[in-house]
Amino acid sequence: VSHNNQVLDSYGNGDGFSGDEGTYNITIRNSTAYNNLDAGFDVVSDNFTCVNCRSYNNTKFGFRLWRTPTTHTIINALAYGNGWYPASLSGGTRNVYNSTFVNAPGDNGHTISVSTGLNLNMRNSIFANYSLGAFSSTPGTRNEDYNIYYSPTAAPGFTLAANSLSSNPLFVDTAANDYHLQSGSPAINSGTSLPQVTADFDGVPRPQGSAYDRGAYEFGGTTP
């Protein structure tokens, strides 16, 4: 388990946090990667989990989780300001819970780069500011619901599940990279309960209201 770390300005063409082939059962918590020349988090490990991790201002990817047939799970993840994609997910099973991914101006236009063989499970997450659509292609399996997709210029690019929304999530201050929720956000009290997620990125217990909020932050409550 790696926790409470910051990684920045890594070696040439390098990553912040890397899980290489032959490693397994890795969990990273409460960690931040930024200003790296490849990805903030670049993982091929078997059985990888990332909880409360932030990845921003990396040259290519916020999170790059790949290799078949591994299972990777990210919870309360934040990705913004990355040069290519907030996330690249390929191969195996990828679980994305209560995370917030925001595109940067001039990036590749999709929030998530996906592969055709991907088994993708997503709940309570926010995908924002894409210019070409939420996903670069159609994954092998897309099991998504209770998510929010938002762009002022483009549609998500697929038919949303019954409880997913195409709506402005009303972040506090996108220009300042503050992705907490404003009062009145459609993400508040509109998510689904997830046993894997008991608190938000700040450590605030979930839920604070009648239901889980969507995205990495729960509205209200006191940071421990």
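**Figure 1. Glu 144, a buried acidic side chain without a salt bridge.** Glu 144 is buried but takes part in no salt bridge, and Arg 142, the nearest side chain of opposite charge, lies 6.1 Å away. The view, like those that follow, is taken from a predicted model. Glu 144 belongs to strand E19, which covers residues 141-145. Its side chain makes a polar contact of 2.9 Å with the side chain of Tyr 149. A polar contact of 2.7 Å joins the side chain of Glu 144 to that of Ser 164. Leaving out residues up to four places away in sequence, Glu 144 touches Met 122, Arg 123, Tyr 149, Phe 158, Leu 160, Ala 161 and Ser 164.

**Figure 2. Arg 142 over the ring of Phe 158.** The charged end of Arg 142 is placed over the Phe 158 ring, at 4.0 Å from the ring centre. Phe 158 is also among the residues touched by Glu 144, and Phe 158 is a member of an aromatic cluster.

**Figure 3. An aromatic cluster that includes Phe 158 and Tyr 149.** The cluster is formed by Phe 17, Phe 41, Phe 63, Phe 101, Phe 127, Phe 135, Tyr 149 and Phe 158. Tyr 149, one of these residues, also makes the 2.9 Å side-chain polar contact with Glu 144.

**Figure 4. The stacked pair Phe 41 and Phe 63.** The whole structure contains 16 aromatic pairs. In one of them, Phe 41 and Phe 63 are stacked, with 4.9 Å between ring centres and 10° between the planes. Phe 41 comes from strand E6 (residues 39-43) and Phe 63 from strand E9 (residues 61-65); the pair links distant parts of the chain, 22 residues apart. Phe 41 is buried, with a relative accessible area of 0%. Phe 63 is likewise buried, with a relative accessible area of 0%.

**Figure 5. The stacked pair Phe 61 and Tyr 85.** The centres of these two rings are 6.2 Å apart and their planes are 10° apart. Phe 61 is in strand E9 and Tyr 85 in strand E12 (residues 85-89), so the pair ties together parts separated by 24 residues in sequence. Phe 61 counts as buried at 8% relative accessibility, and Tyr 85 is buried with a relative accessible area of 13%.

**Figure 6. Surroundings of Ser 113.** Ser 113 is located in strand E15, residues 110-114. Its relative accessible area is 16%. Why does Ser 113 count as buried? The term applies to residues under 20% relative accessible area, so Ser 113, at 16%, is buried. Apart from neighbours within four places in sequence, Ser 113 is in contact with Tyr 85, Ala 87, Ser 88, Leu 89 and Ser 136. Tyr 85, among these contacts, is the partner of Phe 61 in a stacked aromatic pair.

**Figure 7. Arg 64 with Asp 42 and Trp 66.** Side chains of opposite charge can pair when their charged atoms come close. The structure has 3 salt bridges. In the one between Arg 64 and Asp 42, the closest N and O atoms are 3.5 Å apart. Arg 64 is in strand E9 and Asp 42 in strand E6, so this pair ties together parts 22 residues apart in sequence. Arg 64 counts as partly exposed at 25% relative accessibility, whereas Asp 42 is buried, with a relative accessible area of 7%. Arg 64 also lies over the face of Trp 66, 4.3 Å from the ring centre.

**Figure 8. The salt bridge between Glu 21 and Arg 67.** The side chains of these two residues meet at 3.0 Å, N to O. Glu 21 lies in the loop between strand E3 (17-19) and strand E4 (24-29), and Arg 67 in the loop between E9 and strand E10 (71-75), so the pair ties together parts 46 residues apart in sequence. Glu 21 is exposed, with a relative accessible area of 58%. Arg 67 is partly exposed, with a relative accessible area of 34%.

**Figure 9. The salt bridge between Arg 206 and Glu 218.** The two side chains meet at 2.8 Å, N to O. Arg 206 and Glu 218 are each in the segment after strand E23 (178-181), 12 residues apart. Arg 206 is buried, as is Glu 218.

Definitions and conventions: Residues are numbered from 1 along each chain as its sequence is written. This is a predicted model: local features need pLDDT of at least 70, side-chain atom pairs count only at pLDDT 80 or more; totals for chains, interfaces and linings use all residues. Side-chain values use heavy atoms; hydrogens and water are left out. Rings of Phe, Tyr and Trp (its six-membered ring) pair if their centres lie within 6.5 Å; planes under 30 degrees apart count as stacked, over 60 as edge-to-face and the rest as tilted. Helices (H or I, at least four residues) and strands (E, at least two) are DSSP runs, numbered from the N terminus. Buried means under 20% relative accessible area, exposed over 50%, partly exposed in between (1.4 Å probe, protein chains only). A charge sits over a ring if NZ of Lys or CZ of Arg is within 6 Å of the ring centre and within 35 degrees of the ring normal. Contact means heavy atoms within 4.5 Å. A salt bridge is a side-chain nitrogen of Lys or Arg within 4 Å of a carboxyl oxygen of Asp or Glu. Lys and Arg count as positive and Asp and Glu as negative; His and the chain ends are not counted. A polar contact is a pair of N or O atoms within 3.5 Å; within protein, one must be able to donate a hydrogen and the other to accept it, and residues adjacent in sequence count only if both atoms are side-chain atoms.
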